[in-house]
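Thanks for coming. Please have a look at it first.

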Amino acid sequence: MTAALDSRRLPASVEVRRVRPADAARTRALRLEMLADSPLAFLETLAQAAARPHAEYAARIAENSTGDRVAQFIAVVDDRVVAHAGGTAIADEPGVTVIFAVYVTPAWRGKGLISALTAAVSAWSRAAGRPDLMLEVVVGNDRAVRAYERVGFVDTGVRLPHPTTAAMTELQMRRRA
């Protein structure tokens with residue numbers, strides 16, 4: 001495929017949906033890929049994730065496959081998970097869903113999966129009574145900032161210390177769900 005895709009025109013071979021317990025192994029494989037590809041973008045290291053027992057990971061996927069407090073969404077192509085985004089409620093702001101762990105495998109970047117995943121998290125958030133979305137991205141990760149701007153996120157001007165790397169700062173972005 002050469003033309004960029006948007007979430008309304010994804011090919012039939014792309015399925016964007018909430019995770020299911022049976023997705024644990026494939027989703028874990030993508031988690032390890034994302035940590036190897038973008039080690040500073042996520043809150044654990046590749047070594048930490050690889051050391052976690054599969055049963056623990058599978059339990060987390062099963063937990064995030066239902067309910068309205070935490071959810072994970074994936075894009076599947078030919079039985080391979082190629083993209084991920086999660087959403088979680090936060091106690092400090094009851095009307096907000098925080099989007100987390102957004103990742104698209106390199107071969108699928110720029111083809112509309114961020115839009116499709118954001119739409120999935122957004123629909124879930126609205127159904128749970130949370131009309132706003134928020135995310136944080138490392139300052140200097142301009143590719144991610146541009147991708148989020150393309151799907152409607154706006155830099156709030158808020159800067160926060162990175163939760164695991166003291167030398168880094170994150171910027172906050174928001175939009176309506």
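This is a predicted model: local features need pLDDT of at least 70, side-chain atom pairs count only at pLDDT 80 or more; totals for chains, interfaces and linings use all residues.

One definition to begin with: a charge sits over a ring if NZ of Lys or CZ of Arg is within 6 Å of the ring centre and within 35 degrees of the ring normal. With that in hand, Arg-175 lies over the face of Phe-153, 5.6 Å from the ring centre.

Now the rings themselves. A pair of aromatic rings is described by the distance of the centres and the angle of the planes. How many aromatic pairs does the structure hold? There are two. One of them joins Phe-73 and Trp-124, with 6.3 Å from centre to centre and 65° between the planes, which is edge-to-face. Phe-73 belongs to strand 2, residues 70–77, and Trp-124 to helix 4, residues 113–127, so this pair ties together parts that lie 51 residues apart in sequence. Phe-73 and Trp-124 are both buried.

The rings of Tyr-148 and Phe-153 have centres 6.0 Å apart and planes at 70°; over 60 degrees counts as edge-to-face, so that is how this pair is classed. Tyr-148 and Phe-153 are both buried too.

Next, salt bridges. Side chains of opposite charge can pair when their charged atoms come close. The count here is 13 salt bridges. I will take a few.

Arg-52 takes part in a salt bridge with Glu-44, where the closest N and O atoms are 2.3 Å apart. Are these two side chains buried or exposed? The cut-off for buried is under 20% relative accessible area. Arg-52 has 14%, so Arg-52 is buried, and Glu-44, at 10%, also counts as buried. Arg-52 forms a salt bridge with Glu-56 as well, at 3.4 Å between the closest N and O atoms. Glu-56 has a relative accessible area of 46% and is therefore partly exposed.

Another salt bridge is between Arg-176 and Asp-132, at 2.9 Å from N to O. Arg-176 is in strand 7 and Asp-132 in strand 5, residues 132–138, so the pair ties together parts 44 residues apart in sequence. Arg-176 is exposed, with a relative accessible area of 57%, while Asp-132 is partly exposed at 22%.

There is also a network of salt bridges, which links Glu-15, Arg-17, Arg-20, Asp-23, Arg-26 and Asp-79.

While we are on strand 7, residues 169–176, Gln-172 is found there. Gln-172 has 8% relative accessibility and so counts as buried. Setting aside neighbours within four places in sequence, the contacts of Gln-172 include Met-134, Leu-135 and Glu-136, and also Val-158, Arg-159 and Leu-160.

Another buried residue is Leu-30, with 2% relative accessibility. Leu-30 has its place in helix 1. Leu-30 and Val-104 are 74 residues apart in sequence, but their C-alpha atoms are 9.0 Å apart in space. Not counting residues up to four places away in sequence, Leu-30 touches Val-81, Val-82, Ala-83, His-84 and Tyr-103.

That leaves the empty space. Rolling a probe the size of a water molecule over the atoms shows where empty space is left. The largest pocket holds about 1,200 Å³. Its lining is made up of 48 residues, and those nearest the centre are Phe-42, Ala-101, Val-102, Tyr-103 and Tyr-148. Helix 1 (24–37), helix 3 (54–63) and helix 5 (142–150) are among the elements that give two or more residues to this lining. Which element gives the most to the lining of the largest pocket? Strand 4 does, with seven residues.

As for cavities of 30 Å³ or more, the count is one. The volume of the largest cavity is about 50 Å³. Its lining residues are Ala-85, Ile-99, Val-102, Ile-114, Leu-117, Thr-118, Leu-135, Tyr-148 and Phe-153. Strand 4 and helix 4 are the elements that give two or more residues to that lining, and helix 4 gives the most, with three.

Technical notes
Residues are numbered from 1 along each chain as its sequence is written. Side-chain values use heavy atoms; hydrogens and water are left out. Rings of Phe, Tyr and Trp (its six-membered ring) pair if their centres lie within 6.5 Å; planes under 30 degrees apart count as stacked, over 60 as edge-to-face and the rest as tilted. Helices (H or I, at least four residues) and strands (E, at least two) are DSSP runs, numbered from the N terminus. Buried means under 20% relative accessible area, exposed over 50%, partly exposed in between (1.4 Å probe, protein chains only). Contact means heavy atoms within 4.5 Å. A salt bridge is a side-chain nitrogen of Lys or Arg within 4 Å of a carboxyl oxygen of Asp or Glu. On a 1 Å grid over the protein atoms alone, a cavity is a set of points where a 1.4 Å probe fits but cannot get out, and a pocket is an open set with protein on both sides within 12 Å along at least five of seven lines; lining residues have an atom within 4 Å of a point. Grid points are joined across faces, edges and corners, and a volume is the space filled by probe spheres set on the points.
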